[in-house]
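Student: I have just opened a new structure and would like to learn how to read it. Could you take me through its features, one at a time?

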Amino acid sequence: MTNDSPYHRQSPLRPTTRRDFLWSSGGGLGGLALAAMLGRDRALAAPSVGAPAPRAKRVVQFFMAGAASHLDLFDYKPELVKRHGQPSDFGEPVEAFQNGLGPWLRPLWDFQPYGGCGKLLSEVVAPLGDVVDELAFVHNMTGKSGVHSAATLLQATGFQLPGFPGAGSWVSYGLGSLNDNLPTFVVLPDHRGFPSNGVKNWDAAFLPAQHSGTLVYPDAEAPIADLHPHRAGAYVTPAGEADAHRLLAELNRGHAATREGDQRLDARIRSYELAARMQLAAPEALDLKAEPEHVLRLYGLERGPQTWPKEINAEEETWHFSRKCLAARRLLERGVRFVQVWSGNDNSFPRRNWDSHEDVRRDHGPLALGMARGAAAFIQDLRQRGLLEDTLILWTTEFGRMPSTQGGKGRDHNPFVFTNWLCGGGIRGGITRGESDAFGYKPLDRAKPTTVYDIHATLLHQLGLDHTRLTFRHNGIDRRLTDVHGRVLRELLA
Amino acid sequence: MPRGPRWLGAALLGVAAAVAAPDFEREVQPVLAAHCLKCHGPEKQKGGYRVDVKAVALTGGEGSAPNLLPGNAAGSPLFRYVSGADPELRMPPAGEPPLAPAEIAVLRAWIDAGAPWPDHASAAVADPLAWWSLQPVARVTPPPGAPHPIDAFIRTRLAAAGLQPAAPADPRTLIRRLSFDLTGLPPSPEEIAAFVADPAPDAYARLVERLLASPRHGERWARHWLDVVHYGDTHGYDKDKPRPHAWPYRDYVIRAFNSDKPYARFVQEQVAGDVLFPESPEAVEALGFIAAGPWDFIGHAEVPETKTDGKLARHLDRDNMVANALGTFASATVHCAQCHHHKFDPIPQEDYYRLQAVFAALDRTDRPYHRDPAVHARARRLQTDQAANRAALAALEAPWRAAAGPALAELDLALAASAARGPNVRRGYHSATAATADTVKWVQVDLGASVEIDRIWLLPASDPFNGIGDGFGFPVRFKVEVSDDPEFRTGVQLAWIRYDVTFMADFPNPGLTPFSTGGSKDDGLAGRHVRVTATRLAPRKDDFIFALAELKVTDRAGNNVALGKPVTSLDAIESGERWARANLTDGLAPSGPSVEQQAALAARREEVLRAAAGAEGWERRAALRREAERLAAEAAALPKPDLVYAGGIHHGTGTFTGTGASGGRPRPIHLLARGQVTHPGRLVAPGALSAVTFAPATFELPEDAPEGERRAALARWLTDPRHPLTWRSIVNRVWQYHFGRGLVETPDDFGRNGGQPSHPELLDWLAAEFRDGGGSLKALHRLIVTSETYRQSSAVNPAASATDAGNTLLWRQNRRRLEAEAVRDAVLAASGRLDLAMGGPGWRDFVVERPEHSPHYVYAKADPEDPATFRRSIYRFIVRSQTQPWMTVLDCADPSMRVDRRSESLSPLQALALLNNGFILTQARHFAARVTAEAPELAGQVARAHALAVGRAPSPVEAARLEEFARTHGLPALCRLLLNLNEFLFID
């Protein structure tokens, strides 16, 4: 019987089954279990023909939740200053998320040139002026949706739907760990809560669970979940713990001895040794008190915690963001592969993220200054330790904000254009590649925007991974971080 | 244009003569090979196009097929691209050398000559439909050699590979394995002892029956099913709101497995239960399947369908429904054909959009139904009676309407218009709430300059909140004043003419009728600021407010001088776009005839109709209307309906309207170029996979068929006995959960990117046996677990391992690590605290903070001693954005994605979770208390604890070491240690 399938008329498709570049069993059958757990299976990262030479070993991603305004921070538009207050005219119909298409709104802060490159930066991110010669700006980033959830997922995982691994999970899967005693991929969330989609921005999805981002709260009593016994376990004593580990290993070895040929059993015995070591290594890595005074001063942390006012303020934002930056540096130094640092939580009231529909000055002011102080200190700190050259830094957000005003003081979503910057790890500093148009409304060259796929392709490239070959088969598709897109942004490379 | 040889037309126009067709193989093929073949040949088929296969070259390609129009080079897309005639697309792409003029001339001449292409000059391509999973399920006879057909199939393959099956597992191993497989719980030490001591030959068979009959069986297998359909109790995405009515679907699945619902019916109910089995309340709950996956709240509730982002959100929502339905029931990856034809399987883009059309009327929504079948039946009967009543009334009136003519039609139009509302979004100004009515609130407008005022208009707002509707928040007592002083301390003028009806007495809710003060002649008003002060507020549900849609101030010329002017107020709620001070002067207010006007219209309509009816008819009409009232009263007296979160017609207001307003008419589904909602192509009718050839790919439904018929057609298609995918899919899933791996390793993908069956004959035999035996899952379980293949030991035989290290041929059973839920349930079973209460809303092991906006689900703050959390894991409330951290570390299924097979990872974080989590430490203490109560002395307590944890007594050496540890560090510490044993976590 035939029907209207075109396959009854033609036979176009290649009938071969594509072979996995990487193993994709999910660690199910023992043989690879130990190696996979340790993330040390060099087969995963084995250089293959055409693989790029690695320029970076580790990555830090700064993510501004809520959508940071490119116009008020990094992407100076004199045209907006000139036309401030005039009715906005985009030359085409515009669909804005909350119809925030009021008059043109000039940048909320003044811009000045910084560094040898003379890049114009807003005074609210002035601390980044000290390191601007290390930064490469991309002002023609474009997204697909002006809805926070989908847009955040897109920038974090390369897909607009939940159910895909975060960029850090892919890097963990592709390169494994540099230090078995610490997690490979660490997430430092905003202390007030998660961004849109919560853990879906950084979990392993279909990759094996050990590639999930591990949540770390540097200042919390329990910085990593279950690192130490819950208070319900008051009966656990240090002496008992040592004996328990010994006896557990002994009994598990006896069990494994009668079940030869199952490496998972051995891997699990080993996982308890690593767990014990992580219990020592993690608190040491997160002990910010161990930092000398001059480092604390660099990060603006010398005054210690304060009682902060109820209203959002720059000192408090600096404290929290810088603590995360300092923790990130200590983790990276000790072999963590990928650290994701979030600024801002989900959309709730009072607003504590970058989604400044109502008042850019009120929210962006403290958030941006805190971020700029922390990030600038972090970059200087890495530089003086010689870590900047093989640590890639990516600053991003889910989309930009409109050049027109919403309600006089706020700005609506702009999924059409926004800014990323990169730094370190073989990135050429002091440059801008990719411009937005005169209003910062869309890319200057609308036919050639930069996308998250390009950013991710570049990131993997610097790590020595070909983004088209780092794949995992799931539900019938060889999934990639870059889907079916992505171009390495060679113009950004040193 | 008359049909005839194309070249003739061309020749008559004198464009090109068919005199010298270039030789295809000598002249044309080399051009195509040199410039096109790299991207459109055997290696790649960009755009689904290739130039080495005649059929594809002439008819194929995604965007512009057909690319060749024989006889018409100038109109052929291929020629336009290579000759530079198309400004949009140029081939070969930039960076590749363009065709030489001579080459272009050859192609032109060849196409104009009718593109003659000898068949022998075409590459051969394998038939894409020649794929195992698309072939009909074969009726296979088991080979001889073993009494159990499964063993016969397995051993034939083993023998061919020179392998032997492993020895049978010992009874203790077997009962532990079977208990976890069929119920997800360990056997008690007593059950183990009884089984080990039972010499009867049917001991195992009885054990199987006992476990299959246990209510725990449905709970265990429902968890597998919920993995596949990605069930969750929150929406996911931004704000991740809870779904309080998702659980009836979860309970439905548990009941379906416990009652051994025939599989075809199980499938049909989940896709179209409401249509196919309207008498069954369960069939409504089953539709929770369609809504099981995540949902983008903001993309629906804050972005209308008219915006691109709103279209995208709804497109992706349907995508999820399609992927869930075809992946779950047919193991097909149709979602890969969203942007282009499937790259590996014969699934064209049309198929994908045909399936989107099946779900085009639906949204995810709370569906009312009555859980009590008797009430459900009564409600249905009432619905039927009401429909019949409406139909009888319509039939009776039809001739009168015809007779009454345009007069009636006009009245009907006027009445319909009176139901039309004003702005749904920018509703107006809304004060903060007050606890008492007698709270003073004011709102005022700054006109910018002192103005001589003719009239001041207060336009009431409308809001469906608590059923209030028109006149929402309109003050009960108020006054209107004008002053040049923004503080209203000096020079205040009162609009006094209607002062007594608004300030001295309660003003009745005006509906949508605007209120106006007296004119300038009466009130003599002039000033810059206009203030409305409410002294008695309008009631809301539990509080009082002041709201207005619009404040208009007209001058003598009738201009609204308040339009767009700044608004201040004592207080306000600013709630997104809907309620904002600025809305008071935005020129938008709901409008419509007053209640009185509407009543007058209706009365007039009655008169007109009556005139056409005649006395007898009018009497009959009155009777029918009395009947309608009676039915309505009876319907109103029904118990409040239950709700299930399911696929259905959404009757919404505001931005998320759904299709309810159109009576559930399906949204038009277009084929989207590259999957982009901004590039809709032709309309697509509902249907299914064209590669499944027993039925046409497009359902043969009338265009105006109700939406449910589309789903019913899909349900029937999926469960057709001839379906090559459905029956194989389910038996493979069941097999996987019994052996740790399916006969096909990729249960969600039976396409070319998936696995091939390791035992194709066995797969087909099982599928046919299952299908023809009435689709009994319990019979399938029985069949599998009674095989010797299932019952063999999991011990590794080095020789066999050398031949078949992956155990594909099943020369042993596979050792499996318990899944997260089974670990948790086994811990509770050991501690003696497992609460076996079934069903109902999920238990929560988190604290919700800030529930009003974006709920934070905080697990760390939950009390691990809360006995409500001691129930089985299947009843856990599953949050998508903040997955349970402890379960996640143990590879729990991610509710945001479809999981056909759990991954099995091992990590230090997992070790920490099992050592230190509050749940483990709490239950270890209960575990210790239990064994203390059950055995008098330490040795007995240790032995009992060991037996409860791993199903056997400790060896003397183990006992000695364990007792020593317990003596030194206490029984709770010992119990915690036992819960960390490999032997506790792995099932031999």
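**Reading the contact between two chains**

Tutor: One joins Arg976(B) to Glu241(A), at 2.9 Å from N to O. Before we go on, please note that this is a predicted model, where local features need pLDDT of at least 70 and side-chain atom pairs count only at pLDDT 80 or more, while totals for chains, interfaces and linings use all residues. Residues are numbered from 1 along each chain as its sequence is written, chains are lettered from A and ligands numbered from 1 in the order in which they are written, and side-chain values use heavy atoms, with hydrogens and water left out.

Student: How many residue pairs are in polar contact between chain A and chain B?

Tutor: A polar contact is a pair of N or O atoms within 3.5 Å; within protein, one must be able to donate a hydrogen and the other to accept it, and residues adjacent in sequence count only if both atoms are side-chain atoms. Between chain A and chain B the count is 27 residue pairs, both at pLDDT 80 or more.

Student: Which helix of chain A gives the largest share of the side that touches chain B?

Tutor: Helices (H or I, at least four residues) and strands (E, at least two) are DSSP runs, numbered from the N terminus. Several elements of chain A each supply at least two residues of that side, including helix 5 (148–157), helix 7 (238–257) and helix 8 (263–285). Helix 7 of chain A has the largest share, with 12 residues. By class, the side of chain A that touches chain B holds 42 nonpolar, 42 polar and 21 charged residues. Here Ala, Val, Leu, Ile, Met, Phe, Trp, Tyr, Cys and Pro count as nonpolar, Asp, Glu, Lys and Arg as charged, and the others, Gly among them, as polar.

Student: What is the area buried between chain A and chain B?

Tutor: Buried area is the accessible area (1.4 Å probe) that two parts lose on being put together, summed over both. For chain A and chain B it is about 9000 Å², and carbon and sulfur atoms give 56% of that. In terms of contact (heavy atoms within 4.5 Å), 105 residues of chain A meet 114 residues of chain B.

Student: Now chain A by itself, please. Which domains does chain A have?

Tutor: Domain bounds come from an automatic or database domain assignment. For chain A, that assignment gives domain 1 (33–223 + 292–492) and domain 2 (235–285). Their centres, taken over C-alpha atoms, are separated by 38 Å. Together the two domains of chain A bury about 1000 Å², with 65% of it on carbon and sulfur atoms. Across this interface there are 2 salt bridges. Arg334(A) also pairs with Glu284(A) in a salt bridge whose closest N and O atoms are 2.7 Å apart. Both residues belong to a network of salt bridges, whose other members include Arg330(A) and Asp381(A).

Key:
Salt bridge = Lys/Arg side-chain N within 4 Å of Asp/Glu carboxyl O.
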